[in-house]
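Please look over the model below from its overall make-up down to single residues.

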Amino acid sequence: MPRLVIAAPSSGSGKTTVATGLMAAFAGRGLAVSPHKVGPDYIDPGYHALATGRPGRNLDAYLCGPELVAPLFAHGARGCDLAVVEGVMGLFDGASGQGELASTAHVAKLLRAPVVLVVDASSQARSVAALVHGFASFDPEVRIAGVILNKVGSDRHEAILREALDESGVPVFGALRRGGEVVTPSRHLGLVPVAERGAEAVAAVAAMGEMVRGGCDLDALHAVARGAGPLDCAAWDAAEVLGSLPRPAPSRNRGSAPDSGPRTPDGLKGPGGMDGSDGPRPVVALAGGAAFTFSYAEHSELLAAAGAEVVTFDPLRDEQLPSGTGALVIGGGFPEVYASELSANEPLRKAVGELARSGAPVVAECAGLLYLARSLDGQPMCGVLDADARMSERLTLGYRDAVAVSDSVLAVNGTRVRGHEFHRTVVDPGAGATPAWGVTRPERRVEGFVQGGVHASYLHVHWASVPQAARRIVAQATEVARATEGVTPS
C-alpha cells in the first residue's frame, strides 16, 4: 500500500490543511485514498472523510497498543490506491513521559512509511535547513523523505528556502503561499467539526485540495509513497477478533428487567446467530448529528460483527429512538454548544430515560455523560444520572490509564484500559455510588457512573483494544429484550 505520513516540527504548522488537501487532490485524480490520523483526535478525520469519501480512521499506539497500529491501518486501507496519514503535534511528540510512544514518528516507524515534513517558513530563511536537518537526523529510523514549505511570503522567499534546503539534501515537494490558508474556524476544543459546517466544510476541503494541487508536486509525492516498506501483518477484522475471544462474563449490573430463559455458558445470551439462535439482530442506536460527532469507525464495525443492527440517530432532530432500540451508545461531541436544542427535545430525553430504566445497555462517553446528566449549564437533560454538568474554564486533556472498578455493560471489574480525556466541562459529582473507572495514571481517582445497564464516563476508550465491550453490549441488549418481552425459548 503506497503511503505517506504528513508531519510537522510543531502544532500549528499546517498539517491538517496539507494532509486534507493532499487527500482531496489525489482523490481528484481518481485514486481511492485511505485517510488516517495519528492520535485520538476525532475532528480532523471528519475533514479527511469529506476529502476522500471514506471513513477517517485513527491510529493511536497508546489507546490501542503499538501492535494494533499496522493491522488497523491495513484494515482501513483495504481496496485503496494510496494512504495519507496526518500526524499529531510535533513529529516526535508523544504520550507525556513515555518517550516516543504514540508520536507521529513512532507510528511512521510502525507503518514503515516515509514522512513529509510541513514547515511553517513564515519567519525563516536559511535557518530552515538547520531545522530540517535536525529533524531528519534526530532518529535514523524515521525517514524524512522531503519537505512542504508552508506560509511562504514571495517568490524570492521561496527561492531562498529552496536554495538552503538544496544544501541539506532534503527534497522540497511544494511551497504554499502565506495568505492562501483556508479558513477553518476553531473554538474551545479545536476545529469546528464537519457536521456543524455543512456546505462550508465541503467548500473548505475543496479549497485545500486546490491549494495543494497548485503548490505541490503530486507526482513526486506519489512516487515517494510507492517507496514505503512492506508491512508484514494481517489486516484487523472485527469478526475475526470477536471470534477469537473467550465468552464474556455476566454483568451484575444489568438493571431490573426480569430474568428468563436459558443462558449460554458465560451467563449471557448472544444475539441472533451467536448463540445458535435465529432471533432478530438487536438494534443498537448510535447518537450522531452535530452535537455528537465523536466516534471511532471501528466501534460500529465491532457492534455489527457482534450481531447488532447499528442505526444512527440525531438527538437534535429525532424525537424518538430508532424503532426496536435495545441498546444506546452516545459518544463524544459538543452538547454544551447545543444544550438548549437538546433540552427542547423533551420526547427524546424521556425515551432515553425510559430505555435506561429498563435495564437496557446505555454506554455514554464524555458528551454522552453530559447528556445523561440531570442538567447541562442549567438546561434539563435526560436525568438518568443524579449529577449536573457545566462549562469550565479549565481544559482537561490527556491520556489516562484506568481499571474498571465495577462490573458493567462495558467491562468486568478489573479490566484495564487506556483512555483519553478532552473536555472543558465539569460534572458534579464526578463519580456515582458505583464508579465506572479507577484512574491510575497520571493521578489516582475514581470516575464515572455505573447503574443498571448504564455506563457513563468522561473517558474515551478505543474498543479495538477492548473488543469484548461490543460483544457484551450486544449480548446484554438481546438478553434484556428477551426478558422484558417475556420470550420463552423453545
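Residues are numbered from 1 along each chain as its sequence is written, and because the model is predicted, local features need pLDDT of at least 70 and side-chain atom pairs count only at pLDDT 80 or more, while totals for chains, interfaces and linings use all residues; side-chain values use heavy atoms, with hydrogens and water left out.

Strand 16 and strand 18 (residues 437-441) pair in the antiparallel sense over four bridges, and two strands are said to pair if DSSP finds at least two bridges between them. In general, strands of a sheet pair through backbone hydrogen bonds, either parallel or antiparallel. Strand 16 also pairs with strand 17 (residues 416-428), in the antiparallel sense and over twelve bridges, and with strand 14 (residues 375-376), in the parallel sense and over two bridges.

Is T396 buried or exposed? T396 counts as buried because its relative accessibility is 10%, and buried means under 20% relative accessible area, exposed over 50%, and partly exposed in between, with a 1.4 Å probe and protein chains only. Leaving aside its neighbours within four places in sequence, T396 is in contact with E421, F422 and H423, contact meaning heavy atoms within 4.5 Å. The side chains of T396 and R394 are joined by a polar contact of 3.1 Å; such a contact is a pair of N or O atoms within 3.5 Å, of which, within protein, one must be able to donate a hydrogen and the other to accept it, and residues adjacent in sequence count only if both atoms are side-chain atoms.

Another part of the model is an open sheet of six strands, in the order 11-10-12-13-21-20 and with mixed pairing. Its edge strands are strand 11 (309-313) and strand 20 (449-451), each of which pairs on one side only. From one strand to the next the twist averages 15°. Within this sheet, strand 10 (residues 283-287) and strand 12 (residues 325-330) pair in the parallel sense over four bridges, and A285 stands opposite L328 in strand 12.

Helix 11 lies across strand 10, strand 11 and strand 12, running at about 140° to strand 11; the axes are lines fitted to C-alpha atoms, for helices over the stretch in contact, and angles run from 0 to 180 degrees between N-to-C directions. In helix 11 (residues 297-305), the residues A297, E298, H299, L302 and L303 are buried, and the helix is followed by G307, whose phi is positive, near 115°. Helix 13 (residues 346-357) lies across strand 11, strand 12, strand 13 (362-365) and strand 21 (454-457), and runs at about 110° to strand 12.

**Helices earlier in the chain**

Helix 2 (residues 43-52) is largely enclosed by the rest of the structure, because seven of its ten residues are buried. The buried residues of helix 2 include I43, D44, Y47 and H48, and just after this helix G53 takes a positive phi of about 75°.

A108 lies in helix 4 (residues 104-111) and counts as buried because its relative accessibility is 3%. Not counting residues up to four places away in sequence, A108 touches V5, A113 and V115. The C-alpha atoms of A108 and V69 are separated by 9.9 Å, although these residues are 39 residues apart along the chain.

**The protein as a whole**

Taken together, the secondary structure comes to 15 helices and 22 strands, and buried residues make up 58% of the 490 residues in the protein. Among contacts between residues at least 6 apart in sequence, 75% join residues at least 24 apart. The structure holds zero disulfides, a disulfide being a pair of cysteine sulfur atoms within 2.5 Å.
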